[in-house]
Amino acid sequence: MGDKSEVWQGTLALMVLKTLESMGPQHGYGIARRIEQISGDQLSLNYGTLYPALLKLEQEGFITSEWGLSENNRRARFYRLTRTGRAQLKKEAREWEQATNILARFLSPEEQG
Amino acid sequence: MKTIRAFMARFGGLFNGRRRDWEMEQEFASHLAMQVEDNIRSGMNPEEARRVALIKAGGLSSARENYREQRGLPFFETLLQDLRYGARNLRKSPGFTAVAVITLALGIGANTAIFSIINAVLLRPLPYKDQDRLVQLWETEAAPGTYPFAGPDYLDWEKQTKTLAATSVYTWPMGVNASNSGEAQSLVLIQAETNLFSVLGVDPIVGRTFAPDESQPGKDHVVVLTYAVWQKFFGGRQDVIGQKLELDAEPYSVIGIMPRWFKFSRGEVFVPKDMSAKGMHERGSHWLLAIGRLKPEQTVASAQAELSTIAKNLEHQYPDSNDKIGATVVSLKEQYTGDNRQELFILLGAVALVLLVACANVANLLLARATGRLREIALRAVLGASRWRIVRQLLTESILLSITGAVVGLGAAWWFVSLVQNAKTLPIPRANPIQVDVTVLLFTVLVSVFVGVLFGLAPALQASNLDLGEELKSTAQAVLSPSGWNRWFRDGLVVGEIAVSLTLLAAAGLLLRSFYNLRNAPTGFEGSHVVTFSTLLPQGKYDDLTSRRKFFDRFLEGIHSMPGVDIAAIASELPLEGGTNGYIKVDGDTDPAHRQMLVEQNYVTPDYFATLGIPFFSGSNFSPADMDREGAAEQKVEELYKQNPNLKSVPAELSSIAIINRVMAKTFWPNQDPVGKTYRNGGRTFRIIGVVGDVTVGSVRGEPMPEAYYPYTRALVGPIAFGHLLIKTHNDPTAILPSARAQLRTLDSSLALFNPRTMPEVVADSMQDETLQTWLLGSFAGLTLLLAAVGLYSVLSYLVLQRSREIGIRMALGAQRTDVLRMVMRQAGTLTALGIGLGLFGALSGARVIQSMCFGLTARDPLTFAGVVVLLAGVSLLASYVPVRRAMRVDPMVALRYE
């Protein structure tokens, strides 16, 4: 997969939820573009990673989808955050923050001294 | 919650696959298109833009696969896919599928049917409340066995017991003339203590059961009906309560209807039993049955101990009547199933063997087919299917096969069960209905999955274990020569099948010969043209000797005058059924064994012996004068007893005469002519006037027992006036039944004609157990023989097909057709001989199991075994015929060109 990093499922789900929260309803291509841009093009999402993740979130009830028209009048499937999805996003974001805080402290030079 | 929701969504994803695929393609396409547009906008030429977008998308086919996997449930999806594929495969070879399904249907269907019987009889609890606390109570006597109660003994037990919470007494089922305006019909009546239903813990579906005071005269004309009688006499009407049903010409009020499933001791109508001293008869007269309910902390053993003590005390208290009278307690469940347990398990074992042989056969077919499918399987393996994946697919196919077989078999079992349900006199004791219920269905499903794996696993493992390169390179010819292991396995299966079928055939042969022996066992009478039925005179209408005699004399006269009738008689007992017996005392006889010898009693008219062709050996028959005198004498004895119930002996001038059988003569008066000798029984003295031939009483299996015949007029005194009529005709005996019925109706229209049967039917009735067992085991054995023959046939056909080239070469090199014949026959002979050897070993060492079911031969009867071996050898010769013919007709040219 070249020099770009692979995303793993748990974090991808969080990124998708966050993206939908900040951008509103969005199609798969838009979500992928957004995630890649924010990562400074360090991440690259192929279909085999992105779409199964979207499907999984939908099966779990965090997002819903419906067919609509894109800005360029192209038929596309739009994903939207549900209420439980919003709650899930909050919960996961908090957990992620905690985890990174702990790890950051763990890895920072001051703590070791 | 999240997982359940996701599971449901994914489960939904199993369906509508094509539409969802289409949506996925749309989504991917729009993604690609937007990417391309963006790329163009950022300055690429269209071709470049498309190429970059495609690279970015990643491997599209693996993306599709990932997506689909996330969409559904991969396990189920594979299963569905395998099922579809398997079904298609099976449809493609309808011949194979039909043979396999029919084979399995027979095996699984037979197992389901037998299991449904076992389930009802052995596994399901009796349908009574706290059924494990219910017990059957018996008295014991000097002779081995269990015996009914004497009324006063029962009352003492009931009063003294502390281990039983409640007991209830009831009579044997007996016939009764029943009608509710219209022609009288015969029903089966049980008189019961008023608490019978509450001891059983069964509530009526309509109305109520007996109140405690309804055993008293005046209140006792109430009746509880079974569901069937309710339907038959009252059309199932709800307002039946309070309606009248006439029983033996007396009106009874219907008070309750029992549930449809309720079965108790063959009873159809239940009335309260007279519990007074008179109604319970004297001590020493054993005629009542009893059940009890254990107190919570008590066991069968503790009740047994207590009742034995009570019986012991009674023995001391009443030495005359209660000498050697003990007690036995049996759990009700065991009482119902005890005799049949072993036989049912033998049947289940036999039917399991049938299924095993069926499996072996299908495995054999599958192996032959798998060999033909090696290339297909090799191709799948090359394309990346794992071995597990291939095994799984093949197993799915075989389970699909066995489930299909099970569905067809279930149909057959259903048919069998409905036969059993409608068989009125099936000799299987059951409180529960025999039916295909959830337990039985579960059993069938488990069996069919198990069976599917059993016969499918070996072929599947075998087929998946192959050398890919070799298989794909190989020619058709090579594909047809499988590994040695396969040959061994298939040969082993056939040997096993032959062995099992020999075992079953031997068992069936033994039963069949036992059955034949039983049918031809000397019964001591000639009944081929004799028809019999019984008549019961209601007590109220016929309350004295004169009226009863008048009725029976006129009836007999009328029957004698009917065209076609040779001779007719009346008896209180029928051969093979019998049932009334007692002990006798011979003055001066000190042999203790004789005191424990039961003597059967039968009250007959003089023509009884001629009607049944029972020969006289010495002395003479009853004369008409004897009949008159004996009746009058018995009447006087009855009056004497009424005046003094404790009368010890009857005056000499009222002594009776008897005709005895040869066994009785030989037992009590060995090497003497007993005519003129006397013996005593119940206070009366009997003088022997004649000796006749022995007639089998009870089961045909039993030895003839001592039997004494008394003038029938004696039986007309006392509470019940009942008689079996026996009519000998010189043409079809059943043809006179309608005119006999008409005759009865002219005499008294309130009487029903009970249980009309020919004497051969009476013989058959006494052998119902044997008939059913022989029939079932015989059909199982026939089935396995057929399956084994098919198995041998398919193995040999396959051998010939596989070696046709070799045969061709040999023939081209000068081998004679006889050599080819020898080659194939050697193979058939080896397999058959091995199977027969193995089967003989198994059957002979397991013979003990069915010894008790044999009659007139041992379970290792050489003739039966020889016959079975010859039969099997013959059948396998037959099964080899077609393959051998095919082998001999191999044309060397064709066989060689086959390459």
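Me: What percentage of the 113 residues in chain A do buried residues make up?

Reply: One caution before the number: this is a predicted model. In chain A, 44% of the 113 residues are buried.

Me: Which secondary structure elements does chain A have, and in what pattern along the sequence?

Reply: Chain A has five helices and three strands.

Me: Among contacts in chain A between residues at least 6 apart in sequence, what percentage join residues at least 24 apart?

Reply: The share is 49% for chain A, counted among contacts between residues at least 6 apart.

Me: Now the interface. How is its size given?

Reply: The usual figure is the accessible area lost when the parts come together. Between chain A and chain B, about 2700 Å² is buried. Carbon and sulfur atoms give 57% of that area. In chain A, the residues that lose the most area to chain B are A:Tyr29, A:Tyr47 and A:Gln59. Together they account for 32% of what that side buries.

Me: How many residues does each chain bring to the contact?

Reply: Chain A brings 28 residues, and chain B brings 28 residues.

Me: How do I describe two packed helices?

Reply: Use the angle between their axes and the distance between the axes. Take α6 (residues 94-123) and α17 (residues 438-464), both of chain B. Their axes come within 10 Å and cross at roughly 145 degrees. The crossing of α6(B) and α17(B) is right-handed.

Me: Which residues of α6(B) and α17(B) meet?

Reply: From α6(B), they include B:Leu104, B:Ile108 and B:Phe115. From α17(B), they include B:Phe443, B:Val447 and B:Phe455. The residues of this contact divide into eight nonpolar, seven polar and no charged.

Me: Where is B:Ser501 found, and is this residue buried or exposed?

Reply: B:Ser501 is found in helix α20 (residues 484-520) of chain B. B:Ser501 counts as buried because its relative accessibility is 0%, and the cut-off for buried is under 20%.

Me: Last, cysteines. How many disulfides does the structure hold?

Reply: Over all chains, zero.

Me: Are B:Cys359 and B:Cys854 buried or exposed?

Reply: Check each against the cut-off of under 20% for buried. B:Cys359 has a relative accessible area of 4%, so this residue is buried. B:Cys854 comes to 9%, so B:Cys854 is buried too.

Conventions: Residues are numbered from 1 along each chain as its sequence is written. Chains are lettered from A and ligands numbered from 1 in the order in which they are written. This is a predicted model: local features need pLDDT of at least 70, side-chain atom pairs count only at pLDDT 80 or more; totals for chains, interfaces and linings use all residues. Side-chain values use heavy atoms; hydrogens and water are left out. Axes are lines fitted to C-alpha atoms, for helices over the stretch in contact, and angles run from 0 to 180 degrees between N-to-C directions. Helices (H or I, at least four residues) and strands (E, at least two) are DSSP runs, numbered from the N terminus. A crossing is left-handed if the near helix is turned anticlockwise from the far one by less than a right angle, and right-handed if clockwise. Contact means heavy atoms within 4.5 Å. Ala, Val, Leu, Ile, Met, Phe, Trp, Tyr, Cys and Pro count as nonpolar, Asp, Glu, Lys and Arg as charged, and the others, Gly among them, as polar. A disulfide is a pair of cysteine sulfur atoms within 2.5 Å. Buried means under 20% relative accessible area, exposed over 50%, partly exposed in between (1.4 Å probe, protein chains only). Buried area is the accessible area (1.4 Å probe) that two parts lose on being put together, summed over both.
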